[in-house]
Protein chains: 2
Amino acid sequence: MLPVLRTPYLLFLGDTPSATDAKTAIGIAYWRRELCRGQFRLPGCAADTGLPDLSLEQAKKLGVRSLIIGVAPMGGAFQPHWIESLRQAARLGLDIVSGLHTRLGAIPGLAQLTAAHGARLIDVRVPPADLTVATGAKRSGRRLITVGTDCAVGKKYTALAIDRCLRERGRKSSFRATGQTGIMIDGSGIPIDAVVCDFVAGAAERLSPANDVDHWDIVEGQGSLFHPSYAGVTLGLLHGTQPDALVLCHDLARTTIDGLADYPIPSLTVCIERYVEAARLTNSNVRCIGIAVNASAMSEADFSRERARIEAETGLPCADPIRDGVDRFITALDAAFDTATAK
Amino acid sequence: MLPVLRTPYLLFLGDTPSATDAKTAIGIAYWRRELCRGQFRLPGCAADTGLPDLSLEQAKKLGVRSLIIGVAPMGGAFQPHWIESLRQAARLGLDIVSGLHTRLGAIPGLAQLTAAHGARLIDVRVPPADLTVATGAKRSGRRLITVGTDCAVGKKYTALAIDRCLRERGRKSSFRATGQTGIMIDGSGIPIDAVVCDFVAGAAERLSPANDVDHWDIVEGQGSLFHPSYAGVTLGLLHGTQPDALVLCHDLARTTIDGLADYPIPSLTVCIERYVEAARLTNSNVRCIGIAVNASAMSEADFSRERARIEAETGLPCADPIRDGVDRFITALDAAFDTATAK
């Protein structure tokens with residue numbers, strides 16, 4: 001398994017001119033604010049997580065253990081003028097955590113400097129070296145996975161929201177991250193898209209291991225069964241997860257796969273059928289319990305009509321997790337699996 | 001793409017006590033005998049490809065360019081007492097080609113010795129470093145892929161036999177290898193199971209590129225949609241191939257996935273439906289044109305009855321490629337795609 005990130009965090013935003021580039025930092029500040037002491041910005045930075053601005057030295061005094069690179073510039077490489085800040089963090093003994101394409105170890109001297117000060121370089125894009133082939137063996141505990149009609153339709157957000165909602169109700173739940181942003185938010189996980197394909201289902205088994213019978217793993221899905229580039233990743237993750245429950249995620253503004261106009265998104269009913277059919281291989285009792293939509297482009301009136309139409313079509317609760325929250329999915333989950341009373 | 005292997009070959013069998021361990025060498029000698037000058041065996045070797053026994057020096061004089069490690073001992077590591085033979089091959093300027101787990105470069109000094117004599121070390125398990133995500137874009141040429149009800153049900157053999165049969169009829173055809181044995185037989189290919197999962201469909205696109213409209217790529221399938229460990233690999237390869245035609249491969253002796261008694265193999269009709277449904281994502285005109293079975297455990301009378309039953313169930317020709325050949329698949333292919341007249 002990946003090393004678990006040491007908390008608390010200082011979020012590095014560099015001098016990014018774009019708030020969009022800082023979505024990782026913003027995600028961490030939103031979902032795990034209690035783990036963050038502040039943000040570290042260079043002059044000219046246009047992004048803001050709302051956390052206090054701290055120098056590296058101030059952060060160290062406040063007990064910070066990890067500097068998280070929370071910004072992804074175009075191209076995914078480190079900016080040369082960031083590097084002195086990273087060196088200073090290393091000298092202060094902070095772990096440095098990155099999800100960028102360029103490996104931290106490729107920055108000359110940084111690994112030695114970090115090691116000399118008892119800290120670690122952690123590239124969350126690098127999967128564990130000891131992954132194995134899936135066994136397909138049944139395991140205890142409950143698992144939900146968010147699946148998508150396409151990539152980038154809210155699978156991570158929905159999973160984080162369901163996990164938070166369950167924990168707020170005092171239930172046993174763990175978010176299981178499968179992408180770099182999710183891993184940096186949660187502090188652990190496996191970057192599924194970087195795993196050698198023979199081991200994808202095995203990585204999913206390791207990510208959501210046997211657990212208490214009333215514990216839910218809420219797994220961040222990847223890709224889409226309907227995406228010609230990534231469906232194999234999606235399927236391997238689905239099979240290894242052995243999910244009890246699926247939540248289908250969909251962007252209401254899309255009718256075709258993003259960037260691939262020749263690939264129409266099937267109806268939600270067909271999407272559900274195909275996901276359930278595929279997931280049945282490793283869990284014959286799997287069911288879809290809700291539809292999470294991104295309705296950000298819609299007026300409230302239009303969304304209201306569309307939500308009603310989707311619920312009539314699928315017979316399942318539909319919600320935009322950002323506008324509506326995810327309580328209705330929890331209700332549906334408990335109704336389907338009778339797990340609310342098991343705790 | 002992988003380096004294309006230099007021919008002709010000398011097949012290295014070591015001192016294996018088991019003919020089964022030498023299945024790669026036996027496969028190369030069977031499918032590409034014209035490329036082989038001989039076999040190299042150490043004292044005690046129990047395997048035999050039927051090729052002339054040659055010393056390394058004799059092979060060099062006969063123009064051999066590559067020493068192919070055609071034996072896979074339990075554990076997939078090089079035997080220490082083989083290494084002096086590999087060093088001698090390197091001194092003679094022969095490329096050394098291996099599909100074993102242990103990398104050739106891990107043998108101390110071998111890389112330098114090979115380079116000093118103008119030869120190469122080729123690990124066919126290592127995929128190209130420059131693979132990319134699939135585009136999903138349509139391309140010219142025809143493609144057939146062998147798909148399985150399970151792993152190890154004859155997908156490679158069937159693909160090689162169909163390719164050979166097409167070429168014997170003067171048709172344009174290329175076998176496209178996706179596993180180490182197939183790559184060593186054909187001299188090129190991509191080891192799909194070692195590819196990072198995000199790139200599997202992209203690797204399949206590169207493996208079977210755009211071609212003449214009357215050219216068939218016959219792609220070696222991997223894994224099975226019904227195998228809980230490997231279905232993601234199977235699906236990514238299927239999507240990237242954009243197949244026009246499928247041949248479903250099945251071992252008549254199996255009712256469950258090999259080694260996984262909890263995973264029953266669905267009926268052939270369901271298997272065909274599921275493969276066609278999955279493949280339609282990238283080629284809406286795909287169809288299954290035949291069932292290739294391994295009937296090695298059956299008497300001729302039993303097989304005859306079973307073949308008739310399968311043909312009645314599926315409406316497709318059924319043949320054991322070893323017992324029956326694959327002519328009926330070619331007939332079905334031509335009937336379905338009218339490609340016989342296109343050449």
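**Figure 1. Salt bridges between chain A and chain B.** Across the interface of chain A and chain B, the rule finds 2 salt bridges, a salt bridge being a side-chain nitrogen of Lys or Arg within 4 Å of a carboxyl oxygen of Asp or Glu. One pairing joins the side chains of A:Glu277 and B:Arg274, at 3.1 Å from N to O. The structure is a predicted model, in which local features need pLDDT of at least 70 and side-chain atom pairs count only at pLDDT 80 or more, while totals for chains, interfaces and linings use all residues; side-chain values use heavy atoms, with hydrogens and water left out. Residues are numbered from 1 along each chain as its sequence is written, and chains are lettered from A and ligands numbered from 1 in the order in which they are written.

**Figure 2. Polar contacts and elements on the chain A side of the interface.** The rule finds 9 residue pairs in polar contact across the interface of chain A and chain B, both residues at pLDDT 80 or more. A polar contact is a pair of N or O atoms within 3.5 Å; within protein, one must be able to donate a hydrogen and the other to accept it, and residues adjacent in sequence count only if both atoms are side-chain atoms. On the side of chain A that touches chain B, the elements giving two or more residues are α7 (200-207), α8 (231-241), β11 (260-264) and α9 (268-279) of chain A. Helices (H or I, at least four residues) and strands (E, at least two) are DSSP runs, numbered from the N terminus. The largest share of this side, 6 residues, comes from α8(A).

Figure 3. The contact, meaning heavy atoms within 4.5 Å, takes 32 residues from chain A and 32 residues from chain B. The two chains bury about 2,600 Å² between them, 58% of it on carbon and sulfur atoms; buried area is the accessible area (1.4 Å probe) that two parts lose on being put together, summed over both. A:Cys197, A:Tyr263 and A:Leu281 supply 22% of the area that chain A buries against chain B, more than any other three residues. A rotation of 180 degrees with 0.0 Å of shift along its axis superposes chain A on chain B, with an RMSD of 0.1 Å. That is the relation of a two-fold axis. Superposition is by least squares on the C-alpha atoms of residues with pLDDT of at least 70 in both copies. The copies meet through the same surface, because 100% of the interface residues of chain A are also interface residues in chain B.

**Figure 4. The two domains of chain A.** Chain A is divided into domain 1 (9-123) and domain 2 (142-342), with bounds from an automatic or database domain assignment. Their C-alpha centres lie 30 Å apart. In chain A, 13 residues of domain 1 are in contact with 13 residues of domain 2, and the two domains bury about 1,100 Å² between them, 56% of it on carbon and sulfur atoms. The count between the domains is 1 salt bridge. The side chains of A:Asp186 and A:Arg32 meet in a salt bridge at 3.0 Å, N to O.

**Figure 5. Backbone details.** The peptide bond from A:Thr7 to A:Pro8 is cis, with omega near 0 degrees, and A:Pro8 is found in the segment before β1 (9-14) of chain A. In chain B, the peptide bond from B:Thr7 to B:Pro8 is cis, with omega near 0 degrees. A:Ala152 has phi near 55 degrees, a positive value in a residue other than glycine.
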